[in-house]
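Here is a short briefing for a first look. Keep the model open while you read.

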Amino acid sequence: DELQKRETMGIAHTDRRASVMISRELVKQMMDGMGSSTDGSAPVPKALLYEDGTKPVAPSVRKPSSGSEKKKLKGELEAILGRIVADDKNCRKVDYSETKLSYPYMKRLFAAVATSKHLVVLKLANVGLTSKHLQLFEVSIRRNRSLREMDMANNGWGIKEARLLETIIQKNYGLVKLRLFQPEEVAGKKELMSTMQNIEWYLSSNVAFIEFNNKRSNELRICGRAITSMDGLEHHAHAVLLNASFNYVKEIPPRISNLAKLRDLNVSHNDIKAIPYSVAQLVHLTSLDVSHNNLKDIPSSLDRLTALKVLTVESNKLRYLPRTVISMENLTDVYAKGNRFKHFPKNYEPGQKSVLLENYCS
């Protein structure tokens, strides 16, 4: 029902898997106490340190009341846009709030934002944005890599626009702060609150992505982003953890072996049908999660993963497991429920390798 509802609103690539993943992640964070205050010992991620105290560039006239003021505003708007187009490094923040912008101007603005490398903050509160503008915004934000904060509140948004923005933000990896509504506009509206919670999750996960992309972290998490391919990830050779779960990936790329330092690989909840030989070349891997896919067999070549401790293959189409893999010395936990094994024991616990070897291996 939810999927059909979003499709009728014209929102492409609706992501049911992401919603499930985010719900689980938020519950986990609550259980783990994540997000609570710390003692200050943990360093603040540099992705959040974009604020340098400089005042934003803004028009001096917000609501012109005379012909001369309108002329002055028009000139100032053109000057600001010119600086964004020229990618002026001293034009890192721009505030258009309370200034009504025409559709042609907005079209030119988003085109300039798409290629900007220095713009960090963009405020568009109460400028007359509509869902029609969001189509321009979607193209722009996909290409931009510098924006960290946006204010788009007081534009008459509703649940339709919020859902569309959720889908747009899902595919963006740069924004860390986005203001869409006043608190009173969201209070008591369950569907809107849920959508905003999802958006906030994407924004917070972007912080970790930016840290990784700038090699300040070695953990790459791109879960729940509706991606269909893992191509290009092989260039991040410093990764020790890769989580690409809850997406629409159909295959693990052969070049994943380039991630020679990888210790934890999670590609669960995708559409993967086979595990390539290149995975067996990840000799430092200690945890492999390929659950909830379309696997019909586990290759015996995985017995090369001599450091592997945890193997998760739940909810696939497996009929048996390779004996050479299950009997590996360091492998302590195997999660294998939800497959096509005959008479799989209901009380099986990870670690009972003898049960698997005796009944479900060949």
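His292 sits in the loop between strand 8 (287–289) and strand 9 (310–312); helices (H or I, at least four residues) and strands (E, at least two) are DSSP runs, numbered from the N terminus. Its phi is positive, about 55 degrees, although His292 is not a glycine. His292 counts as partly exposed because its relative accessibility is 32%; buried means under 20% relative accessible area, exposed over 50%, and partly exposed in between (1.4 Å probe, protein chains only).

This is a predicted model: local features need pLDDT of at least 70, side-chain atom pairs count only at pLDDT 80 or more, and totals for chains, interfaces and linings use all residues. Residues are numbered from 1 along each chain as its sequence is written, and side-chain values use heavy atoms, with hydrogens and water left out.

**The chain as a whole**

- The protein chain has 10 helices and 10 strands.
- Of its 362 residues, 48% are buried.
- The accessible surface of the chain is about 18800 Å² (Shrake-Rupley method, 1.4 Å probe; for residues, only the protein chains shown count as cover). Carbon and sulfur atoms hold 51% of that surface.
- Take the contacts (heavy atoms within 4.5 Å) between residues at least 6 apart in sequence: 53% of them join residues at least 24 apart.

**Positive phi in other places**

- Asn126 also has a positive phi of about 55 degrees and is not a glycine.
- The loop that holds Asn126 runs between strand 2 (121–123) and helix 5 (131–143).
- Asn126 has 18% relative accessibility, so it counts as buried.
- Asp87 follows helix 3, and its phi is positive, near 55 degrees.

**Helix 3**

- Helix 3 has 19 residues.
- An α-helix has 3.6 residues a turn, so residues three or four places apart point the same way.

**Salt bridges**

- The whole structure holds 9 salt bridges (a side-chain nitrogen of Lys or Arg within 4 Å of a carboxyl oxygen of Asp or Glu).
- Arg163 and Glu166 form one of them, at 3.3 Å from N to O. Both lie in helix 6 (residues 159–170), 3 residues apart, about one turn of the helix.
- Both partners are buried: Arg163 has a relative accessible area of 6%, and Glu166 has 4%.
- Arg163 also pairs with Glu191, with the closest N and O atoms 3.4 Å apart. Glu191 lies in helix 8 (residues 190–213) and Arg163 in helix 6, so this pair ties together parts that are 28 residues apart in sequence.
- Glu191 is partly exposed, at 32% relative accessible area.
- Arg216 forms a salt bridge with Glu211, and their closest N and O atoms are 2.9 Å apart.
- Arg216 is partly exposed at 37%, while Glu211 is buried at 10%.
- Shared partners join the salt bridges of Arg163, Glu166 and Glu191 into one network.

**Around Cys223**

- Cys223 is in the loop between strand 5 (219–221) and strand 6 (241–243).
- Cys223 is buried, with a relative accessible area of 8%.
- Leaving out residues up to four places away in sequence, Cys223 touches Met21, Trp201, Asn243, Ala244, Ser245 and Asn247.
- Asn247 is 24 residues away along the chain, yet its C-alpha is 6.6 Å from that of Cys223.

**A nonpolar surface patch**

- Val44, Leu48 and Leu49 form a nonpolar patch on the surface, with about 280 Å² of accessible area together.
- Patches are made of residues with over 30% relative accessible area and no salt bridge; like charges are joined within 9 Å, and nonpolar side chains (Val, Leu, Ile, Met, Phe, Trp, Tyr) within 5 Å.
- Val44 lies in the loop between helix 2 (16–32) and helix 3 (67–85).
- Val44 has 52% relative accessibility, so it counts as exposed.

Terms used. The expected span of a helix is 1.5 Å times one less than its number of residues.
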